[in-house]
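The sequence and the structure come first, and the discussion follows.

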Amino acid sequence: MTIIVHHLNDSRSQRILWLLEELGLPYAITLYARDAVTRFAPPELKQVHPLGKAPVLEIDGAVLQESGAIVQHLCERFGEDRFLPPAGSADALRNLQLLHYAEGSAMTPLLLHIYVGLLGAAGAPLHPRIASEIANHFDYLEAELRPSGHFVGDDWTGADVMLSFPAELAVQIGGAGRWPKLEAFVARIHARPAWQVALEKGGPYRLA
Ligand SMILES: N[C@@H](CCC(=O)N[C@@H](CS)C(=O)NCC(=O)O)C(=O)O
């Protein structure tokens, strides 16, 4: 089996490296550096997939783009009794929902916050609505964390891996103390040996 992660520094693909380390899978990384001014990925990434976005996973020659699909595939194929609740269980449904919610919904207000922020004063009328959507989504996630500190059951799942990125970003944007459970969730991830190895391999990551 051959796995290659097309990885962009400072990006969502950091969590794919983390998952691969947790699963103990052998993989290679092709590193791409963001443009220092525009922060766009370099054009070479479009040679791997037409969108030119990271992450892209090459697995046995097949090309898979979109982090939710990548995480779901890796968990289903290699998770065995880890990272995936038993098929047919209530937790399996919860994992499926939250795994896809991460990119499908939670990221939207955070990205709007970042992009509208670039407009300066011109973006001011939009900020109250963006702030209320950030509160809506991250108050929800704060309440959804289980007493175990995970989003599903008592152990790590694909949903935790996918939600790690919006949680890191929200904690940075919201500031210390706003979502204490999410903050603790992020701190526990960052303390994991597998995450540390992934960080070392992936290069610069501002949300570390
Ligand atoms: N929903 C997609 C988003 C992919 C995406 O936008 N990736 C960003 C990295 S965080 C990217 O490649 N940005 C560089 C660019 O747009 O040039 C996924 O989760 O895979």
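## Residue classes and the ligand shell

In what follows, Ala, Val, Leu, Ile, Met, Phe, Trp, Tyr, Cys and Pro count as nonpolar, Asp, Glu, Lys and Arg count as charged, and the others, Gly among them, count as polar. The model is predicted. Under this division, the shell around the ligand is made up of five nonpolar, two polar and six charged residues. In total 13 residues surround the ligand, and the closest of them are Ala41, Lys53, Ala54, Glu66 and Ser67.

A polar side-chain atom of Glu66 is 2.5 Å from a nitrogen atom of the ligand, a polar backbone atom of Ala54 is 2.8 Å from a ligand nitrogen, and an N or O atom in the side chain of Glu103 is 3.0 Å from a nitrogen atom of the ligand. On its own the ligand has 510 Å² of accessible area, of which the protein covers 85%.

## The largest pocket

Which space does the ligand take? The ligand takes the space of the largest pocket, and about 1,100 Å³ of space lies in this pocket. The pocket is lined by 33 residues, of which Arg12, Arg34, Arg39, Leu111 and Tyr115 are the closest to its centre.

By class, the lining of the largest pocket divides into 18 nonpolar, six polar and nine charged residues.

With a threshold of 30 Å³ or more, the count comes to one cavity, and the volume of the largest cavity is about 40 Å³. The residues that line the largest cavity are Gln14, Arg15, Trp18, Ser164, Phe165, Glu168, Trp195 and Tyr205.

Helix H1 (14-23) and helix H5 (158-174) each supply at least two residues of this lining. By class, the lining of the largest cavity has four nonpolar, two polar and two charged residues.

Most residues other than glycine have a negative phi, and most peptide bonds are trans. Glu66, although it is not a glycine, has a positive phi of about 100°, and Glu66 is found in the loop between strand E4 (62-65) and helix H2 (67-78). The peptide bond from Ala54 to Pro55 is cis, with omega near 5°, and Pro55 is found in the loop between strand E2 (28-32) and strand E3 (56-59).

Both Ala54 and Glu66 are among the closest residues to the ligand. What lies 2.5 Å from a nitrogen atom of the ligand? That atom is a polar side-chain atom of Glu66, whereas the atom of Ala54 that lies 2.8 Å from a ligand nitrogen is a polar backbone atom.

Key:
Residues are numbered from 1 along each chain as its sequence is written. This is a predicted model: local features need pLDDT of at least 70, side-chain atom pairs count only at pLDDT 80 or more; totals for chains, interfaces and linings use all residues. Side-chain values use heavy atoms; hydrogens and water are left out. A residue is near a molecule or strand if one of its heavy atoms lies within 4 Å of it. A polar contact is a pair of N or O atoms within 3.5 Å; within protein, one must be able to donate a hydrogen and the other to accept it, and residues adjacent in sequence count only if both atoms are side-chain atoms. Accessible areas come from the Shrake-Rupley method with a 1.4 Å probe; for residues, only the protein chains shown count as cover. On a 1 Å grid over the protein atoms alone, a cavity is a set of points where a 1.4 Å probe fits but cannot get out, and a pocket is an open set with protein on both sides within 12 Å along at least five of seven lines; lining residues have an atom within 4 Å of a point. A molecule sits in a cavity or pocket if more than half of its atoms lie within 2 Å of its grid points. Grid points are joined across faces, edges and corners, and a volume is the space filled by probe spheres set on the points. Helices (H or I, at least four residues) and strands (E, at least two) are DSSP runs, numbered from the N terminus.
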